Structures are given as structure tokens and as C-alpha cells.
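Hi,

Here is the structure I promised to pass on to you.

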Amino acid sequence: MIELIDFSKTYGNKTAVDRVTLTVKQGEIAALLGENGAGKTTILKALCALHKATSGTVRICGKESATEIKEIVGYVPEQPILYDDFTVNEMLFFTGEMRGMREKTLSEAMEKVIADCKLESVINKKIATLSKGFKQRVSFATALIHSPKVLVLDEVTSGLDPAQIKQMRELIKRLSKTKTVLLSTHLMQEVDALAKTVFILKQGKLIAQGSAESIIRETKTTSLEEAFIALNQVAE
């Protein structure tokens with residue numbers, strides 16, 4: 001389970017996120033929507049213990065300490081953080097070693113994420129030679145190597161072609177059978193295809209939450225895209 005309780009984050013005089021409270025239930029896929037600068041990435045990084053709340057609480061599966069949260073969360077950023085000179089195998093092994101995984105456990109974990117992310121055909125290829133779609137799959141695999149209970153995804157289909165987007169959606173659906181997933185996206189089709197719960201941010205504030213259907217109904221619109229636009233206009 002993912003919980004933010006009255007969460008705020010400021011940078012100097014700028015408030016990036018202002019008193020946001022939200023919950024994603026265990027085994028659920030939820031989507032975080034907002035215009036650029038709305039605070040989505042700030043929230044996602046806080047959920048991964050990559051920075052601390054200025055005020056409020058971040059709780060993942062009942063844990064609040066940064067060390068414990070990092071052990072149970074996997075993070076996939078918009079731009080994969082990979083080493084071009086490594087092969088896929090080397091990248092996964094290096095990631096597991098950095099997490100302190102022992103050789104037998106790491107070997108088993110690598111087999112699993114290679115299968116889950118369908119990387120068998122590229123395990124001995126250098127990262128630099130891979131397509132963006134395959135690089136994103138490797139990024140998923142590095143996030144999954146320690147078998148996290150929660151997966152946090154930041155615009156993971158950005159820049160992918162339609163076929164690659166379809167593959168990413170299928171991967172997320174498979175992973176959600178055993179993990180809680182929170183994703184940010186600009187693609188409403190992504191939300192329709194994946195998310196049970198939607199959170200909409202505007203200038204660091206949570207302005208709507210619920211199922212896509214309930215948000216559409218409450219805004220008296222006919223699609224989530226129309227609802228999103230209407231809510232942002234009202235919030236201005």
C-alpha cells in the first residue's frame with residue numbers, strides 16, 4: 001500500500017507539492033495526472049525515498065524510514081539510468097550487487113526479471129545498441145531485481161512508438177498481479193487501459209481523485225481528457 005498523508009515539499013520559497021493526501025491500495029494500479037510542473041515527479045521521488053517531505057508523512061506498506069522504503073519500492077524514471085558500455089546481463093548483475101544481493105539470490109532474480117521483461121534476446125548486447133523500447137525494459141528489470149512490493153513509474157512510455165507502448169502496458173499489467181503500481185503519464189489512453197484510481201494534480205494541489213468514471217461523472221464531461229481539461233480550467 002502507498003500512503004501520502006498531508007504531504008508537502010518546498011524548495012526554498014517554492015512549494016512543489018502542497019498538503020497532498022492519497023492512498024493506493026495493495027495490488028492496485030493508480031495513475032497520477034497533471035500538467036508539467038504540477039508536482040508529479042516530486043511525489044514519485046518522495047515515494048521512492050529519493051528526497052524527504054518538508055512536512056507530512058510518506059508511508060509504504062506501513063514503513064516510513066527511507067532505508068526500509070528503498071527495500072520495498074522499485075522506481076522506473078522517464079529516462080532510463082543505464083550504463084551504455086554494459087551488456088544487459090552486466091547491468092542487472094551490477095544493480096543487484098549494489099543492493100547487496102548474494103550471488104545465488106541474484107542469479108535467480110536475474111533469471112526472473114529477464115523472463116518477466118522479455119529480455120532473453122538482448123542479454124549479451126550492450127545497452128548503447130538497444131532501441132528505446134528495450135532500454136525501457138532493462139530499466140524495468142533493474143527496478144524489479146530486488147522483488148519490490150511497490151512499483152513507481154514516471155512517464156515510462158514517453159517517446160515510445162505504438163507497438164512499444166502496447167508492450168509496456170502488457171508488462172505493467174503482468175507486474176500488477178503481484179505489485180502495487182503508481183504511474184504518472186500524459187496519455188489518457190494509458191489511464192483508461194491500466195488504472196483503477198486516478199489522482200489529478202494542479203500546481204502542487206490534489207484537485208480530483210477517484211475512478212475515471214466517477215471523475216467524468218462529477219465534471220459532467222464525456223471523457224477523462226475532457227474532465228482533466230475542465231478541472232484544470234476551474235483550478236486556475
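Predicted model: local features only at pLDDT ≥ 70, side-chain atom pairs only at ≥ 80, totals over all residues.

Strands of a sheet pair through backbone hydrogen bonds, either parallel or antiparallel. Here, six strands make an open sheet with mixed pairing, and their order is β5-β6-β7-β3-β8-β9. The edges are β5 (73-76) and β9; each has a single partner strand, so one side of each has no neighbour in the sheet. On average, neighbouring strands are turned by 15 degrees against each other, ignoring direction.

You can see both kinds of pairing if you pick out two pairs. Strands β6 (residues 150-154) and β7 (residues 180-184) run parallel and are joined by five bridges. To find your way there, look for aspartate 154, which stands opposite serine 184 in β7. Helix α5 (residues 132-144) packs on the sheet, where it touches β5 and β6, and its direction makes about 165 degrees with that of β5.

The other pair is β8 (residues 197-202) with β9 (residues 205-210), which is antiparallel and has five bridges. Valine 198 has glycine 210 in β9 as its bridge partner. These two strands form a hairpin with two residues between them, and glutamine 203 in the turn has a positive phi of about 50 degrees.

Now for a pair of helices. How do α3 and α4 lie relative to each other? The axes of α3 (residues 88-98) and α4 (residues 103-116) come within 10 Å and cross at roughly 130 degrees, so the two helices are oblique to each other. Their crossing is right-handed. On the α3 side, the residues that meet α4 are Asn89, Leu92, Phe93, Gly96 and Glu97, and they face Leu106, Met110, Val113 and Ile114.

Next, the inside. The largest nonpolar core has 50 residues, and Phe140, Leu151 and Leu153 have the most contacts within it. Leaving aside neighbours within four places in sequence, phenylalanine 140 is in contact with several residues, including Val76, Cys117, Leu151, Leu153 and Met168. There is also a second, separate core of 28 residues, with Ala30, Ile69, Val152 and Phe199 among them.

Not counting residues up to four places away in sequence, glutamine 164 touches Ser131 and Gly133.

Notes: Residues numbered from 1 in each chain as written. Heavy atoms only, no water. Pairing = 2+ DSSP bridges. Helix = DSSP H or I, 4+ residues; strand = E, 2+ residues; numbered from the N terminus. Core = buried A, V, L, I, M, F, W, Y, C linked by side-chain atoms within 4.5 Å. Buried < 20%, exposed > 50% of the residue type's maximum accessible area, 1.4 Å probe, protein only. Contact = heavy atoms within 4.5 Å. Axes fitted to C-alpha atoms, helices over the stretch in contact; angles between N-to-C directions. Parallel < 35°, antiparallel > 145°, perpendicular 65-115°, else oblique. Left-handed = near helix turned anticlockwise from the far one by under 90°.
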